[in-house]
Amino acid sequence: MAKKTLNDLGDLKGKKVLVRVDFNVPLDKKTGAVKNDRRIRAALPTIKHLLDAGASVIAMSHLGRPEKATPEERKNLTMDKVAAKFSELLAVPVTKAANDVVGPAVTAAAAALKPGGVLLLENLRFDPREQKNDPEFAAALAALGDAYVNDAFGTCQNDKDTSMVGLPANLKAAGKPRAIGLLVAKELEIIDGLMTEPKRPVLGIMGGAKVSDKIAFINTLLAKVDHLLIGGKMTYTFLKAQGVDVGATRVGDEEIEAAKPLLAHVGKKITLPVDYVAAKSDDLLQTQVCEGPIPAGFEGVDIGPKTIEHYKAQIKDSATIIWNGPLGWFEQTAFARGTQYIAEAMAASAGVTVVGGGETAEAAEQFGFAEKMTHVSTGGGAFLAYVEGKKFQSLAQIDDK
Ligand code: 3PG
Ligand code: MG
């Protein structure tokens, strides 16, 4: 069944719409400034649509993990800077609600909203009930508005978040309108298309650190793609699992166990790098390109030049390319080549190019290639989970059934 979309919300004139967005953006550790506003920009079409239809918007999001933060870090997790950025990008004043997520001051601010007005609630996770699907917290949020929109693709996999599941469930029980926003609709449509009828040949590119975290995703990809290229830290897990000496590269036993069942695909669907850059652990300026074992004291930090050329050729020959996970330690300029060249080759491809969110999206953006991709997902964990075919509780609350 097709999900309810904004057009299903009915007449929005004078209505107050609760919009769950994912403004969980990376922050500068020292200043708390918004380091990357991609997730905020991605939500703007929905917000504008609602305002143009005569509604007011009560936007809400979590930011970071305040429950694990020190008191000092927690100060940076208020929504003040996000609200300022949101207002700047939307070019509409945004009122940042009181410091409590719900309560009399917030109720008053919501009641005072006029059509075209925008209120942003405080960090939802400042209320410990947010991550417990708490019915009372859901009711308090629901009381603020008339309708609900989920445009928080990056958080859709969280089954216990009140604002994602309990809140729309509350509106559902009351027969109030709910819908997915334009961003969620676009993410679902693109990923559904990728998984059902991709143009062939389909190439998967997997990087990042942990095989164990991505094992379900890798298995799903293996069933869909024609080729799967490996890069990033997980390269050394595969190598070690094959019995290759990886020097000082740290690879946990659990990771090796996760990689073992995949070894049967190596040389068939799975391609491992043929060379890699290794850096001396206690002096990163000392590097060498290795084709076999990595010498003692050195660790793998990027894919090597032959691998880059080979992967670029594969990208050129593919009609659909799905990329998740950096190919090397791209935060270090000296070890960013693999990630940068792969992003560049994808950007130049005439095929369908999709980048899974999180770090990979940041890398594509950092190198200036994000706009040239068919789609850069705003979801990290959500992208992986949706590709794996997980059914999201959050989206189930949007449907009437
Ligand atoms: C994300 O960035 O993964 C989402 O915003 C969800 O945040 P979480 O991983 O802290 O639940
Ligand atoms: Mg996450």
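Six strands form an open sheet in the order E9-E8-E7-E13-E14-E15, with parallel pairing, where strands (E, at least two residues) and helices (H or I, at least four residues) are DSSP runs numbered from the N terminus, and two strands pair if DSSP finds at least two bridges between them. Strand E9 (270-271) and strand E15 (375-376) stand at the edges of this sheet, each with a single partner strand, so one side of each is left without a neighbour in the sheet. Strand E8 (residues 227-230) is joined to E9 by 2 bridges, and the two run parallel; leucine 228 has isoleucine 270 in E9 as its bridge partner. In general, strands of a sheet pair through backbone hydrogen bonds, either parallel or antiparallel.

The structure is a predicted model, in which local features need pLDDT of at least 70 and side-chain atom pairs count only at pLDDT 80 or more, while totals for chains, interfaces and linings use all residues. Residues are numbered from 1 along each chain as its sequence is written, chains are lettered from A and ligands numbered from 1 in the order in which they are written, and side-chain values use heavy atoms, with hydrogens and water left out.

Strand E1 (residues 16-21) is largely enclosed by the rest of the structure, because 6 of its 6 residues are buried; buried means under 20% relative accessible area, exposed over 50%, and partly exposed in between (1.4 Å probe, protein chains only). Lys16, Leu18 and Arg20 point one way from E1, whereas Val17, Val19 and Val21 point the other way. E1 is joined by 5 bridges to strand E2 (residues 56-60), which runs parallel to it, and within this pairing arginine 20 stands opposite methionine 60. Between these two strands the chain passes through helix H1 (residues 38-52), and the resulting β-α-β crossover is right-handed, that is, with the strands pointing away from the viewer, the path from the first strand over the helix to the second runs clockwise. Another 5 bridges join E1 to strand E5 (residues 147-151), again in parallel, with leucine 18 opposite tyrosine 148.

Lysine 16, in strand E1, is buried yet has no salt bridge, the nearest side chain of opposite charge being that of aspartate 146, 6.3 Å away. A polar atom of the side chain of lysine 16 lies 3.3 Å from the backbone oxygen of alanine 110. When residues up to four places away in sequence are not counted, lysine 16 touches (heavy atoms within 4.5 Å) a set of residues including Ser56, Ile58, Ala110, Leu144 and Asp146.

Across the whole structure, a search finds 19 salt bridges. In one of these, the side chains of glutamate 130 and arginine 20 meet at 3.6 Å, N to O; this pair links distant parts of the chain, with glutamate 130 in the loop between E4 and H5 and arginine 20 in strand E1, 110 residues apart. Both glutamate 130 and arginine 20 are buried. Aspartate 22 forms a salt bridge with arginine 39, their closest N and O atoms being 3.2 Å apart, and this pair connects the loop between E1 and H1 with helix H1 over 17 residues. Aspartate 22 counts as buried at 6% relative accessibility, and arginine 39 is likewise buried, with a relative accessible area of 16%. Arginine 129 and aspartate 127 meet in a further salt bridge (3.0 Å, N to O), in which arginine 129 is partly exposed at 27% and aspartate 127 is buried at 11%. Salt bridges that share partners also join Lys4, Arg178 and Asp400 into one network.

Several backbone features occur in loops. The peptide bond from arginine 200 to proline 201 is cis, with omega near 0 degrees, and proline 201 lies in the loop between helix H7 (182-196) and strand E7 (202-206). Alanine 91, in the loop between helix H3 (80-90) and strand E3 (94-96), has a positive phi of about 60 degrees although it is not a glycine, and alanine 91 is exposed, with a relative accessible area of 66%. Most residues other than glycine have a negative phi, and most peptide bonds are trans.

Key: Lys, Arg positive; Asp, Glu negative; His and termini not counted. Salt bridge = Lys/Arg side-chain N within 4 Å of Asp/Glu carboxyl O. Polar contact = N/O pair within 3.5 Å; in protein donor to acceptor, adjacent residues only side chain to side chain.
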